[in-house]
Amino acid sequence: FIVDMDWKGKPLAGSPYKFEFAACVDAGNTIAAGAGLEAGLTTPDKKRPFTITTLDYQSKPIGRGGEKFDIKVTGPSKELKCSCEDKKDGTYACMYEADEAGKYSVAIQLKGQKIKGSPFSFKLQRFVDAS
C-alpha cells in the first residue's frame, strides 16, 4: 500500500509512505491431510505421516512458516508423541508411530483454535504379513 500524506496542502516529509501487510493464518481454514489422519492398517514401520497447510481467511496459502501447533494424538490405550517439522513454506510435516489396532483421534489446534476438520477420528486395523 502507498499512502500520500500532507498537512495544510504540503506533503509531509517522507511521503508517500509504503506499507506491506503479511497475511495472517486462519486456524479455521488451515487444513491437514495424509495417511496419519485416515483409516488404514498398522504398518511394519509404524509411521503415520500427515501434512498441515496454513491458509488465511480467504483460504489462500500463507507461504511462510513460524506457527506452533498443539497436536494431541490419542490411540486405543495411550497418548502418542507427534513430531512436526516446519518446512518454512506454510506447510508442516508431522508424524507419529502407531502399532495398535483400534480407534485413534488426532486433535490439532493453532493459538487455541481447532483447525478445519479437527479432531480427526478413524480406526486402524492390524497389518497381517501373509508371507
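This is a predicted model: local features need pLDDT of at least 70, side-chain atom pairs count only at pLDDT 80 or more; totals for chains, interfaces and linings use all residues.
One of the residues involved is C82, whose bridge partner in β11 is Y96.

These two strands belong to an open sheet of four strands, arranged in the order β5-β7-β11-β10 with antiparallel pairing. Because β5 (31-33) and β10 (82-86) each have a single partner strand, they stand at the edges, and one side of each is left without a neighbour in the sheet. On average, and with direction ignored, neighbouring strands of this sheet are turned by 20 degrees against each other.

## The largest nonpolar core

The largest nonpolar core has 24 residues, and those that touch the most other members are F50, I52, I71, Y96, V106 and I108. At least two residues of this core come from each of β7 (47-53), β8 (69-74), β11, β12 (102-110) and β14 (120-125), with β12 giving the largest share, four residues.

Apart from its neighbours within four places in sequence, I71 is in contact with F50, I52, C82, C84, C94, V106, A107 and I108.

## Cysteines without disulfides

A disulfide is a covalent bond between the sulfur atoms of two cysteines. The count of disulfides in this model comes to zero. For C24, the closest cysteine sulfur is that of C84, and because the distance is 20 Å, it is too far for a bond; C24 also counts as exposed, at 59% relative accessibility. C82 is likewise in no disulfide, and the nearest cysteine sulfur, in C94, is 5.1 Å away, whereas a disulfide needs the two sulfur atoms within 2.5 Å.

How values were computed
Residues are numbered from 1 along each chain as its sequence is written. Side-chain values use heavy atoms; hydrogens and water are left out. Two strands pair if DSSP finds at least two bridges between them. Axes are lines fitted to C-alpha atoms, for helices over the stretch in contact, and angles run from 0 to 180 degrees between N-to-C directions. A nonpolar core is a set of buried Ala, Val, Leu, Ile, Met, Phe, Trp, Tyr and Cys residues joined through side-chain atoms within 4.5 Å. Buried means under 20% relative accessible area, exposed over 50%, partly exposed in between (1.4 Å probe, protein chains only). Contact means heavy atoms within 4.5 Å.
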